[in-house]
Every structure is written in structure tokens, then in C-alpha cells.
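Please find below a colleague's note on the structure shown here. The points are numbered so that each may be taken up separately.

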Amino acid sequence: MDRQSTIAFILIGVILVVWLYLNSPTPPPALPETTDSTLTAQDTLTAVEDTIPVEKAEEPEAKTEIAGEEILPFGTTRLPEKIITIDTKLARIELTSKGAKIRKYYLKNYETWYHEKFDENDFYNRHVQLINPDNGGDFNLIFVTKEGKLVNTSSLDFTSDAGNYFYKLEENDSLTLKYKFEGTDGKEIVKTFKFFGGDYAADIDIEFSNFQDVISSFRYDVAWTNGINFTEKNSVDEAYYSNAAVYAGGEQVIIDASSPDEKVSKDINGKVDWAGVKSKYFSVIISPNDPNDDGGAYVEGTHTVKGEDVREYYSVSLKVPFKNQSYQKDSFKLYIGPVEYNTLKTYGRSFEALVDFGSFLGLTFIIRPISEYFLLPLMKFLHQFIPNYGFVIILLSIIVKFALHPLTKQSMKSMKKMQLLQPKINELKEKYKDDPQRVQKETMKLYSTYGINPMGGCFPMLLQMPILIALWSLFNVAIDIRQQPFILWIDNLSAPDVIFKLPFKVPIFNIDVVSGLALLLGVTMFLQQKQSVRDPSQKALVYIMPVMFTLMFMGFPSGLNLYYFMFNLLSIVQQYYINHKKDDMELVPVANPKKKQGFMARMLEAAEKQAQTQKQIQSKSKKRKK
């Protein structure tokens, strides 16, 4: 490679490194180690010891804890809490009469990161549970009375029309449960839940009766507070991908509390299609069936660090106009489930916008379509025929390599021609070693004579970067590869494939694990550099780039490293073929070099002008000395 190509290559690498650094989760500061006899598991990426949250299996029966005769709003008193369990094909849901809210929500198709430590029959400890346990349940109604008192239905006791405490729904079944709060003077709040056996979303109706003299400001809020339960082993990584979002006017507004002890909020007025919170792989979305121009949403988030445990909690509420009538009914769709593109898209409410396909230097409009309409559909299509996602990724890398073949072929051929031209450039440097401007001018003439574009090897690389960045983002957030094994030591494609742990952390990169696939990726990158770098002055690149990228990729998901390893391996084969196909690699002068237009003509003209300017400066300098 010549000087220009080398500089461009380094700049591309620096851009990629900076982008990966900015988009990688920052680990929290290390604290002194403590010993704990509680059952723990070592986090292979952040060196965090997370206590496994053991859930006590609960039988589907009523609970009758009475908290005394505490007087509640609207002349009511405490009632016994009753728990109703609904078992569907996709989830096990617990509803509580206290606040008529969702108490727990287990997903049957997704297991906890520590599930292997428990018996196969231990449902509660083996499956992901999404309701944050700190607030005892969620989906509450909030309003301010005309006396200025804040009322949250979380503190109110409802009665249910359910005849049982446990319901099992088949895929095509549905169940409607009605919860009613009864106050004085005929005041009633009714929450009606309709669950479906084969659906993550529920239909919910909210009814107010005789509250026209109670609710002020002509609004009430439907709220989801304190986010959702964290479910992954690596809390730093999960917090990095957690946020809240509001979809309004065809655009998504994202609220992200990314700094320690940071509290962020956003108040949006007008027609809102939905508001939701998400972690890396799961989400909760509230969507009104009839969005109102007088509505809105409020979002609040906090970022907390406790030792090396990082959490982000978000609360969202939909502002619902209250018409100040004796009776009002509003309907909503409540989605609680995976951040899975195809599932979210089926609702026809733009829920799929919640899927984060990443961005490159702010160019989301380039990266997202590549992932949304090409890479993700292709990966899902291949999985229909190949059950192991590791082999799907390998086949995907081959397909993408073939798709990029015209670009990579042009880049490799251009770099090969530059290598063949290097001896002639070295001769010029030796011949005009005391005249750098002359060297540059003669070098440009060489490029023009042989029809070589010195940037021809770099532009194709730049054009490939959106696809490579899209793949990087996809493999980081795709729930499809969560906890999916491959072969040998690679047992989770969504996490680093750790082969051993270091007793220290590598400075700057802050990693203390060694990934097998990252090492293989580094080897293939080294071989690539050996094939393409021939200029002795650029030999350092052969060693610096592979080492830097190997260290950086140590903490990345093994699915991502597997893809890049295969892509590099295929590139090595392609480069070897091009290097040994000599018919296409001979330096042949072009017929009319003076007619060369475009980039080469501009570079040659610039070199000539620079040489003329330098001569004029030298001539004036000599005259002054005389």
C-alpha cells in the first residue's frame, strides 16, 4: 500500500474503533472484593458477582393477608388480597386484587441465565419474570382530585368476578377478568383484562363511573412504573441497551439515562400511539386503541450503580383526557414480552420501532433498513432450515461475502496493483529524495500512466462498513440468539465465549477474560494484513491492528465474533485467489493517460500546482539571498 492508501486504511480503522468504543457499555468502577456464602455466579464480562434471585414457587391459591382497618380514599377499607394465576401457551401471569394490577409475568419460551442450577421442574426459577419485584406489581391509574390529593390505584383494593384462582388457556382460548373498585356515592373504577392463549398482548378496558366531581385537570394517567425486571447476567450490558420510548407523529422519541446517578425525564403532549420501556431483550408497551390529540405521555428514568451492579429504571405514563362525564371508558393494548421484530410488527401499531438496530455516526436511516429488510429476514429464513444458529451465522457470512464480492474484489485488486507499483514508487523516492514535491508529481503520473486510483482500495471498504456495522448491531441485540449454543465451548451466542479468566484487567480495554473466537478472529486479521501490506514502512500495521481488534472483541457476543471470523477467513481465501491470478494483475499502461478524468485528473492537477508553487517559492527565496 502507498502512503495515501495506508492513511485512509488507518482512518477507517480509527473510525471503527471509536464507534465500537462509544457503543460499548462502560463498566462501573471496581470495588474491593467481598466474600459471600450466598449462591453466586461470576459475570465473565464485568467481574460482577450476582446473587441468583431464587423464587419461591407459589401455588395458585388465594392469599388472605389483611392489613387492618386502614381507611382508604372514597370511604373504603382494606380487603384481603387475592391472587389469580393465568397460564397461557406463552406466559404465566399473576394478577392481584390490590390495585388490580399485574403482579408477576413469567415467559415460558425464555429462561433465566442461571436456569441450569435448578431442577427442570422448578418453573419459577428457570423462566424469565418481567415484573420488577420492588413495586409489587404494575399497570396503575393515577389522577389528582379537585382537593389536590394524588390518587394511585395501586393502593386501592378491587374485587374480581373470577370464579377460580387458576386458569389455563390453550393457544386459541381467551379469558376476560373484571376488577371493580367501589367507593361511596356510586363511584366505581373497573379494569377489564382480556388475555389470549397465544398472544403476549392483552386488551384492557378502563371505566370510570361518577368521578366527574373528583378528577381534576381533565386527565388521568395510565402508568407503568419502575421499568421491568432485569433478566441478564451482565448488568452493565443490559443497562446499556435499556431505555424508554414514546411513539408519536410517526417518530420514536427515546429517553436514555446513560450516566451514573442521572435522572432524565420527558413530557410529551399531543397524540401518542404508544409508550414503552425496554431492557436488552424484553419490553412493556402501552398503546391506546383510540389515540387522542389532547393526550400525551410522560417518561422518567434513572441510572444507578451499586458496587459493580448497574441498573436503569424507567417509568412511563400515558396521559388520557378525562371528559368530566359520569361515565367514561378507554381501551388499551398492553404488550409484555420479547423485543422480537416479527412479533412486534404483527400488531400493526409500529411496536417494531422499539427494536434497536443501531447506528453509525448518527446514520440510523442507513443502518436500520439494512438490518430490518435484509439481514434479519435472511437470518430468520435460514433458521427455518438450520436449527443451530451458529451454522446460520456461518452461512449468513458466506452469503454476505458473496453479496459484497464486487466491492471486495475491486478493493483487493486495487491494493494488489498498488503493491506491484510500489517498486517504481520506491525508485522515484530514491531518484528525487531531495525533492518531495517532484516525488509526489511523478507518483501521480505513474498512477495516471497505469490507470490506478490510489484510493480505489479504500472506497469499497467504506461502502462495506454500513453492512458490517448493521451486523454488529444485529448480533448484539437479536433475541433470536439469546442463550443459543453452537458447538464445543461456545454455549451461548449472545455472550462472550470465555475459555479462561485473567487474574487482572487489561488497561484501556478493561477486559479480564479471553475469548476463543476473538483469538481466532485476531489470527485471521493478522493473515489478512500479511497478504495486503508489502511496504516495509507499513509493517507495524500487520501487528498493531490485529492485537487491538482482538482485545476489543474479547467482550463481544460470540455470535458476532463467529461472523467476523468467518468473514475474515473468506476474505483471506479471496485475497489469495486474486493475488495468484496474475493475468489480471499485470501493470499495463493505459491507452490515453492524458484523457484520464475524475479523481485521478484532480490529484495530478493538484500535484502539478503544488510543484509549481514550490518552485516559485524557491525562486523568490534565491533572488532574496542574492
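1. Basis of the note. This is a predicted model, in which local features need pLDDT of at least 70 and side-chain atom pairs count only at pLDDT 80 or more, while totals for chains, interfaces and linings use all residues. Residues are numbered from 1 along each chain as its sequence is written, and side-chain values use heavy atoms, with hydrogens and water left out.

2. Confidence. The mean pLDDT of the protein (the predictor's confidence in each residue, from 0 to 100) is 78, and 71% of its residues reach 70 or more. Over residues 19–51 the pLDDT is below 50, although the model gives this stretch 75 contacts beyond near neighbours in sequence; contact means heavy atoms within 4.5 Å. Residues 54–69 also stay under 50, with 34 contacts beyond four places in sequence. Where pLDDT is low, the predicted coordinates should not be read in detail.

3. Nonpolar core. The term denotes a set of buried Ala, Val, Leu, Ile, Met, Phe, Trp, Tyr and Cys residues joined through side-chain atoms within 4.5 Å; buried means under 20% relative accessible area, exposed over 50% and partly exposed in between, with a 1.4 Å probe and protein chains only. The largest such core has 130 residues, and Phe208, Tyr220 and Trp224 have the most contacts inside it. Helix H9 gives the most to this core, with nine residues. Helices (H or I, at least four residues) and strands (E, at least two) are DSSP runs, numbered from the N terminus. Leaving aside residues up to four places away in sequence, Tyr220 touches a set of residues that includes Leu141, Ile142, Phe143, Phe208, Val320 and Phe332.

4. An enclosed strand. Strand S20 (residues 274–278) is largely enclosed by the rest of the structure, because five of its five residues are buried. Both of its faces are covered: Trp274, Gly276 and Lys278 are buried on one side, and Ala275 and Val277 on the other. Two strands pair if DSSP finds at least two bridges between them. S20 is joined by five bridges to strand S17 (residues 243–248), and these two run antiparallel. Four bridges join S20 to strand S21 (residues 282–288), again antiparallel, and a hairpin of three residues connects S20 to S21. Ala275 has bridge partners in both neighbours, Val246 of S17 and Ile286 of S21.

5. Aromatic pairs. Rings of Phe, Tyr and Trp (its six-membered ring) pair if their centres lie within 6.5 Å; planes under 30 degrees apart count as stacked, over 60 as edge-to-face and the rest as tilted. The structure holds 33 aromatic pairs. In one of them, Tyr114 and Phe118 have ring centres 6.0 Å apart and planes at 70°, so the pair is edge-to-face; both residues are buried. Tyr240 and Tyr241 also form an edge-to-face pair, because their centres are 4.8 Å apart and their planes stand at 90°. Tyr241 is buried at 7% relative accessible area, whereas Tyr240 is partly exposed at 28%.

6. Where does Phe567 lie? Phe567 lies in helix H12 (residues 558–579) and is buried, with a relative accessible area of 6%. Ring pairs link Phe567 into a cluster with Trp472, Phe475, Phe549, Phe553, Phe556, Tyr563 and Tyr564. The charged end of Lys401 sits over the ring of Phe567, 4.4 Å from its centre; this label requires NZ of Lys or CZ of Arg within 6 Å of the ring centre and within 35 degrees of the ring normal. The C-alpha atoms of Phe567 and Ile398 are separated by 7.3 Å, with the two residues 169 apart along the chain. Ser397, in helix H6 (residues 389–403), is buried at 0% relative accessible area and touches Tyr563, Met566, Phe567 and Leu570, not counting residues up to four places away in sequence.

7. Backbone angles. Most residues other than glycine have a negative phi. Ser217 has a positive phi of about 65° and is found in the loop between strands S15 (201–209) and S16 (219–224), exposed at 58%. Leu488 has a phi near 55°; its place is in the loop between helix H9 (459–477) and strand S25 (498–506), and Leu488 is exposed at 74%.
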